[in-house]
Amino acid sequence: MSSSLRTTLPTLFALLLGYALMQVGNTLQGTLLSVRGSIEQFTPTEIGAVGAAFWAGIVLGSLYAGRVIQQVGHTRTFAALAAVAASTALLHLLVISPAVWIAARGLTGFCFAGLFIVVESWLNASASAQTRGQVLSVYGMTGLVAGIGGQMLLPTGDPYGYKLFCFVAILISLALVPPALSRASAPVHAVSDTKINLMQLYRQSPFGVVAAVLCGITTSSFFALGPIWAQERGLDTAEIALFMTFGTLGGFLTTWPLGWLSDRMDRRHVIVGTAAMAAAIMLALIHFVPLTVPVWLVFVYVSIFGGSVIPTYSIVTAHVNDMVRPGEFVAAAGGLLILLGVGATIGPVIAGMAMTQFGRLGLLYVVIVAQALMAIWGAYRSLQRASPPTEEKETFVPEPTIPVGTRLEAS
């Protein structure tokens with residue numbers, strides 16, 4: 001770790017701690033709603049719609065929440081949105097209705113989009129050009145570790161009771177405390193209003209645009225409906241938590257090795273390989289892992305799956321950055337995140353409908369198709385355009401799947 005980074009991180013510790021608490025609460029809430037929805041006899045389609053609503057809120061929030069920051073500043077925006085998100089978590093407990101849950105989860109997504117914008121813009125403004133990549137890497141890894149922590153909280157209460165919903169509200173509320181008491185100064189300048197042209201982005205990187213959507217479909221389907229798949233397979237609450245935890249842990253362990261590898265070869269080849277691996281693992285779960293196998297073997301499979309799909313978006317972002325001009329990095333990142341959000345919005349709906357039609361295997365079918373399409377498209381595009389030389393590549397940085405303050409430009 002460089003001396004400049006050692007100087008920067010302590011000043012941002014409170015902000016990263018607040019972000020970690022937010023993510024622990026958000027991850028716990030996502031899994032909890034899936035399990036509780038199943039207990040309440042929601043259909044897989046309805047549970048998928050609840051998961052999709054969060055991402056629809058993320059997309060809207062990434063486009064419009066920046067205006068709130070421009071009007072009242074980072075600290076007040078963080079406090080207001082965290083308060084709304086914490087209160088909304090309890091609404092799911094008070095009104096057991098798919099329609100209400102969809103609306104509440106969408107509002108939660110909007111709030112979290114604004115919270116993420118505050119955190120990332122604050123980190124960007126506080127880091128120097130020399131430390132920004134390292135700071136954002138710490139940020140991305142913090143999100144993954146917090147996600148693991150959130151999954152592990154599921155067995156601490158009965159999903160049919162109220163305790164876990166209170167935990168979610170408490171965690172999101174506590175996320176307010178570290179930034180509020182921090183001596184670090186909020187950015188003086190508001191979030192930039194970056195224009196995004198998706199057609200231009202597609203011309204610059206056809207593979208990156210399609211892959212971002214497919215990443216969204218895969219990851220959101222898994223995190224929204226993976227707990228239902230595990231539940232219908234016969235796993236208890238603690239095993240469901242471990243199932244989701246091992247999926248996230250696999251991604252945590254492979255992010256840096258795959259990023260290192262993508263810096264040294266065609267990134268599309270790395271993505272093709274990981275997509276093929278993810279599809280193969282899902283096929284193996286269907287055909288070679290009967291209900292009688294020990295549960296630890298299921299955890300091994302989901303770890304490999306998570307290790308294949310979770311780092312993919314970061315590699316896609318790095319690939320697109322290799323294709324665009326230096327001054328277009330922010331707009332390209334914003335465009336990819338919008339596309340990720342679009343894919344993440346439609347993914348759980350499609351997967352939920354597939355589970356309603358085909359049972360728990362419907363989720364695996366959707367994931368297999370999405371990953372197979374990514375592998376085929378990546379292989380095809382690698383034949384159409386050569387990879388840039390290694391010395392011209394941007395350095396890989398783990399990218400948290402978060403929004404930025406942007407607006408679309410008509411093309």
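**Entry 1: Gly341**

I started at Gly341, which sits in helix α14, residues 329-358. The model is a predicted one, where local features need pLDDT of at least 70, side-chain atom pairs count only at pLDDT 80 or more, and totals for chains, interfaces and linings use all residues. Residues are numbered from 1 along each chain as its sequence is written, and side-chain values use heavy atoms, with hydrogens and water left out. I took helices (H or I, at least four residues) and strands (E, at least two) as DSSP runs, numbered from the N terminus.

Is Gly341 buried or exposed? Gly341 has 0% relative accessibility, so I noted it as buried. My cut-offs: buried is under 20% relative accessible area, exposed is over 50%, and partly exposed is in between (1.4 Å probe, protein chains only).

I then looked up its partners. Setting aside neighbours within four places in sequence, Gly341 is in contact with Trp55 and Val59; contact means heavy atoms within 4.5 Å. I also checked Ala212, which is 129 residues from Gly341 along the chain. Their C-alpha atoms are 8.7 Å apart.

**Entry 2: the whole chain**

I counted 15 helices and two strands. Of the 411 residues, 56% are buried. Among contacts between residues at least 6 apart in sequence, 87% join residues at least 24 apart. The accessible surface is about 16,500 Å², and carbon and sulfur atoms hold 66% of it. Accessible areas come from the Shrake-Rupley method with a 1.4 Å probe; for residues, only the protein chains shown count as cover.

**Entry 3: helix α13**

Helix α13 covers residues 312-323. From first C-alpha to last it reaches 17 Å, close to the 16 Å expected at 1.5 Å a residue. The expected span is 1.5 Å times one less than the number of residues.

Why did I note α13 as largely enclosed by the rest of the structure? Because 12 of its 12 residues are buried. Among them are Tyr313, His319 and Asp322.

**Entry 4: Gln41**

Gln41 lies in the loop between α1 (3-39) and α2 (44-72). Its phi is positive, about 70°, although Gln41 is not a glycine. Most residues other than glycine have a negative phi. Gln41 is exposed, with a relative accessible area of 65%.

**Entry 5: a surface patch**

Which residues form a nonpolar patch on the surface? I found Ile170, Leu174, Val177 and Leu181, with about 380 Å² of accessible area together. Helices α6 (163-174) and α7 (177-181) each give two or more residues to this patch. Leu181 lies in α7 and is exposed, at 69% relative accessible area.

Conventions: Patches are made of residues with over 30% relative accessible area and no salt bridge: like charges are joined within 9 Å, nonpolar side chains (Val, Leu, Ile, Met, Phe, Trp, Tyr) within 5 Å. A salt bridge is a side-chain nitrogen of Lys or Arg within 4 Å of a carboxyl oxygen of Asp or Glu.
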